[in-house]
Structures are given as C-alpha cells and as structure tokens.
Amino acid sequence: MMIDGKLVEGSAGTFTTINPATEEPLGEVADASVADMHRAIDAARRAFDETDWSTNHAFRQRCLLQLQEALETEQEELREELILEVGCPRSITHGPQLDAPLSDALRYPAELIDEYSWETALGDAMVSVTGMNTTRRVWREPAGVVGAIVPWNFPFEVSIQKIGQALGTGCTVVLKPAPDTPFNATRLGRLIAERTDIPPGVVNVVTASDHLIGEELTLSPKVDLISFTGSTAVGKRIMAKGAATMKRLFLELGGKSATIVLEDADFALGCMMGIAPCMHAGQGCANPTRLLLPRSRYDEGIEILRGIYEGVAPGDPQDPATLCGPVINEKQRTRIRGYIRKGVEEGARLVVGGEDPPDGLDKGFFVRPTLFADVDNSMTIAQEEIFGPVLAVIPYDDEDDAVRIANDTAYGLAGNVMSSSIEHALAVARRLRAGFIGINGAAGYGADTPFGGYKDSGVGRQNGVAGFDQYTEIKSVAYPA
C-alpha cells in the first residue's frame with residue numbers, strides 16, 4: 001500500500017486475489033487494518049492542512065502531468081494486469097477499461113486548473129443590511145480530504161477519473177480499491193511515490209480484504225467528501241453513515257438502462273444494441289439491459305437478437321476476439337444465475353442461454369449470455385440490476401408507452417434512443433429521466449463529459465466542469481467598495 005508517501009505492508013498481513021478466468025490465485029496484496037486506514041486519513045488531513053498543495057495551482061498541474069507520463073511508460077504492463085485481475089476482455093482495455101481514460105483523465109483536469117473560474121466577481125452593490133457599498137466575490141476552494149471508494153468492474157478507469165479531478169481541485173485523497181482488483185491501485189501508488197513530486201499524504205492507497213475498512217472513510221470527521229462508485233445499496237449505506245459528519249457526497253450508482261428502438265429506426269442496427277450486456281459480461285453500470293421493441297415488429301426483432309446471442313460465446317479474456325469474459329467471482333456468478341432462474345419462474349421466455357455453465361469452460365466464473373423475450377417491465381429481471389450478460393426484451397405499443405416503460409424504474413443512469421431522425425430521437429431523449437442518453441449508438445464518453453444519474457442511480461456527476469465543481473466548496477467574500 002502507500003500511506004504518507006511510503007510503500008508499506010498491511011497490519012493485517014496479506015490476502016490472496018483470484019484470476020476470475022482461471023479461478024487460480026493471482027497474487028498477494030497488503031491487507032489493511034482499521035489502524036492503517038486511520039493512518040492514511042491522518043496523512044491526507046495533514047497534507048491538506050499543512051502544505052501548499054491546495055493553493056499551488058502550477059505545482060498540482062505539473063504533478064498530474066508527471067503521473068500521466070509515468071502511467072504511459074507502464075501502459076502495457078497495466079493492460080496485462082487488468083486482464084488478469086478484472087477478467088476484462090483484451091479488446092475492452094483498448095477502450096473504456098484503460099486507453100480511453102488514460103488519454104484524458106489526468107490531462108483534462110490539469111488543463112482545467114488554468115481555465116477554471118476559481119474566482120467570480122459579482123460586482124459592487126449597495127447592501128441594505130449594512131448601508132454600505134460593497135464589493136462581492138465568490139471563491140471556489142478545494143473541499144478537503146476525499147475518500148475515493150472504487151468498484152471492481154472498471155477499477156483503473158474509475159480510480160484515475162476520481163484522482164484526476166480531486167487532485168486538480170487541490171484535494172487530498174485516500175483511495176480504497178475493491179478487494180477483487182487491488183493491483184492497478186497499488187501500481188498507481190508506486191508510480192506516485194517513485195515517479196512524481198506529489199507530496200507525502202496527498203494520495204494514499206489502502207488495500208483491504210474487509211469491505212468495512214472503507215467505511216472508516218465515511219465515519220471519520222477528518223474526511224470531507226466521499227467519492228463512491230458502486231451499488232445503490234452501498235451508496236445508500238454511505239449516505240446514511242455519512243450523515244453524522246455531514247459528508248459531502250458523490251455517488252455514482254447502479255442502473256437499469258433501456259434502449260428504445262423507435263418505429264422509424266434502422267431496425268437491424270437497433271437490435272444490434274442488444275449485444276451491449278455481453279460486453280465485459282454485463283459488468284457495466286450504464287449497460288442497456290432492457291431493449292424496447294415496437295410490438296408491430298417484435299417477433300422480427302427477437303429473431304435478429306436470437307442470432308446475435310447464439311453467436312456470442314464467453315471465452316478467454318486474453319483472446320482479442322472475446323467480447324464476453326468471466327464475471328468477477330463465484331458470488332457474482334451465483335447471483336446472476338439466480339436472476340436467470342427468477343426470470344423463468346416469473347414467466348419470461350428464455351430464448352438463448354440460461355443457468356447451465358457454458359460449454360468447454362470448466363474453470364473460470366463464466367455465465368452464458370442470456371436473452372429473455374416477452375418480459376413485462378414489472379418482472380424482477382426488468383427492475384433489478386443483474387450486472388451480468390442478461391438482456392430483457394420488452395414490447396411497447398406506441399412512443400408514449402415506450403417512454404413510460406423506460407422511465408418505470410428506480411434507476412436513471414443512462415439510456416439509448418434509436419431513430420432514423422436525430423431530431424425525433426432528441427425529442428424522445430428529453431422525455432427520459434436519466435443522466436446520459438445515447439442516440440443511434442453514440443456515447444459521449446470523456447473526461448470533459450459529466451456522467452451520473454437521476455433517482456437511485458446517484459448524486460452528483462463524474463467528469464466535466466460539473467465533476468470538478470463537486471470537489472470544491474464555495475466561499476462568498478464581501479468588503480467595502
């Protein structure tokens with residue numbers, strides 16, 4: 001781990017991580033105790049309170065670019081590491097798992113340091129309560145110590161986005177990776193310690209087998225803000241536990257996103273969007289796992305989807321041709337199979353896939369890509385986040401019905417609209433209660449694009465100026481004109 005600028009062992013010893021594609025031990029990593037976490041929190045607090053990190057813009061910018069250069073020198077090693085510990089297909093590391101965030105997650109906030117409105121002048125005004133002509137300004141200042149808690153599905157992508165914006169604003173960070181995927185985070189810690197001028201305590205990396213070690217960040221009054229990406233259930237727990245210390249929160253949580261294929265869409269292209277849950281075995285919070293087809297062409301769409309799903313076989317994530325690798329662990333595999341069983345029990349029609357293990361894969365946490373038809377939106381598989389390669393196809397009567405179904409969920413993270421008319425698709429997108437909408441397969445991914453959700457999908461936004469804002473506090477200042 002890295003605490004207060006030093007690479008250290010864990011007081012609780014070590015724990016073993018497992019390669020999800022082989023079920024074989026992958027390696028040992030330092031196991032933190034509660035005391036270790038509090039040492040990291042104390043280090044982050046001192047670095048924020050006692051150094052000029054929070055005010056030295058040029059220094060922060062230089063340090064972010066140093067980390068960018070260091071990561072680029074080990075990019076290929078990081079790629080192999082992610083394939084091993086996450087089980088992500090190699091092809092996805094060339095996109096959102098590694099190359100895409102590495103291209104701008106640090107560069108964007110480094111540039112924004114120069115462009116950001118750290119100070120806004122409101123002008124002079126006669127303030128009635130004082131009878132004084134007053135000059136008024138608004139300052140943006142770093143929020144303080146950030147507890148960054150990261151999931152296992154896209155661990156580097158989430159970590160680097162959180163670190164980039166938190167450090168860019170002048171905050172200090174305690175990074176807590178998921179126990180299943182710690183090595184990308186310990187690599188980050190090593191590179192920060194060995195290859196950058198980031199002062200001790202500004203970034204701390206704490207690995208632990210016990211998820212509750214991360215809860216110390218939520219409970220500690222020395223931590224000002226929690227930046228969490230993960231499940232809605234854990235997000236609600238963080239919100240409740242953080243209330244005692246009035247934690248500032250960024251929560252990027254679950255989703256049950258829908259793709260609406262409109263009557264005027266390129267129908268084959270619209271149905272191709274149904275393959276999305278197969279990517280990375282469905283382990284993406286924004287994956288559209290509900291596909292809404294017009295009833296007039298529903299049977300045709302199901303046959304197109306049948307052909308697609310019969311052609312997708314889970315396989316070795318090392319193979320560049322693999323789209324659907326393993327899920328992260330046995331607990332997750334059992335959970336997904338339980339949802340598949342629930343879908344059958346509640347009356348959905350199983351078209352492809354099912355609970356049975358994939359052919360020829362005796363080792364690894366693999367799940368067969370599964371296609372359900374005739375799904376009613378009230379069914380469990382249409383309402384709950386499965387986080388596996390399972391698609392629920394739902395018929396709709398007309399456009400109003402499609403919008404109603406898409407919005408009939410506790411979540412509101414993302415969605416898609418397919419239409420031959422961009423104007424038509426945009427009109428429908430305005431009616432959807434979700435934080436990100438893609439049109440005809442487009443995805444506005446990038447460090448400059450705010451990402452987050454409505455309703456149970458979270459609070460706040462990652463990335464963009466909106467994401468930068470949430471790592472700051474607002475101070476209004478007035479003095480006689």
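This passage describes the predicted model of a single chain, from its overall form to selected residues. Local features were taken at pLDDT of at least 70 and side-chain atom pairs at pLDDT 80 or more, whereas totals for chains, interfaces and linings use all residues. Residues are numbered from 1 along each chain as its sequence is written, and side-chain values use heavy atoms, with hydrogens and water left out.

The chain contains 17 helices and 22 strands. These are DSSP runs numbered from the N terminus, with helices (H or I) of at least four residues and strands (E) of at least two. The C-alpha trace spans about 70 × 60 × 40 Å along its principal axes. The radius of gyration of the chain is 23 Å, which agrees with the value near 23 Å for a compact globule of 481 residues. That radius is taken over C-alpha atoms, and the globule rule is 2.2 Å times the number of residues to the power 0.38.

Of the 481 residues, 58% are buried. Buried means under 20% relative accessible area, exposed means over 50%, and partly exposed lies in between (1.4 Å probe, protein chains only). The chain exposes about 18,700 Å², and carbon and sulfur atoms supply 52% of this area. Areas come from the Shrake-Rupley method with a 1.4 Å probe; for residues, only the protein chains shown count as cover. Among contacts with a separation of 6 or more, 72% join residues 24 or more positions apart. A contact requires heavy atoms within 4.5 Å.

The chain carries 44 positive and 67 negative charges, with mean positions 5 Å apart. Lys and Arg count as positive, Asp and Glu as negative; His and the chain ends are not counted. Each charge is placed at NZ of Lys, CZ of Arg, CG of Asp or CD of Glu.

An unreviewed UniProt entry lists residues 9-477 as "domain: Aldehyde dehydrogenase". This span is 36% helix and 22% strand, and its end C-alpha atoms lie 45 Å apart. The UniProt annotation "active site" (unreviewed entry) covers E252. UniProt positions follow the numbering used here, feature names are shortened, and annotations may be inferred rather than shown by experiment. E252 is in strand 11 (residues 248-252). E252 counts as buried because its relative accessibility is 4%. Leaving aside residues up to four places away in sequence, E252 touches F228, T229, G230, C285, L413, F451 and S457.

T93 is in helix 4 (residues 90-93) and is buried at a relative accessible area of 0%. Beyond four places in sequence, T93 touches R79, I83, C88, L98 and D99. The C-alpha atoms of T93 and E76 are separated by 10.0 Å, with the two residues 17 apart along the chain. T172 is in strand 8 (residues 172-176) and is buried, with a relative accessible area of 0%. Its contacts beyond four places in sequence include A44, W53, V145 and G201.

In helix 6 (residues 107-115), Y108, P109, A110, L112 and I113 are buried. Their cover includes helix 2 (57-73), helix 5 (99-104), helix 7 (155-169) and helix 17 (464-469).

Most residues other than glycine have a negative phi. E23 has a positive phi of about 65° and lies in the loop between strand 3 (14-18) and strand 4 (25-30). E23 is partly exposed at 28% relative accessible area. H280 has a positive phi of about 55° and lies in the loop between helix 11 (267-272) and strand 13 (288-294). H280 is buried at 1%.
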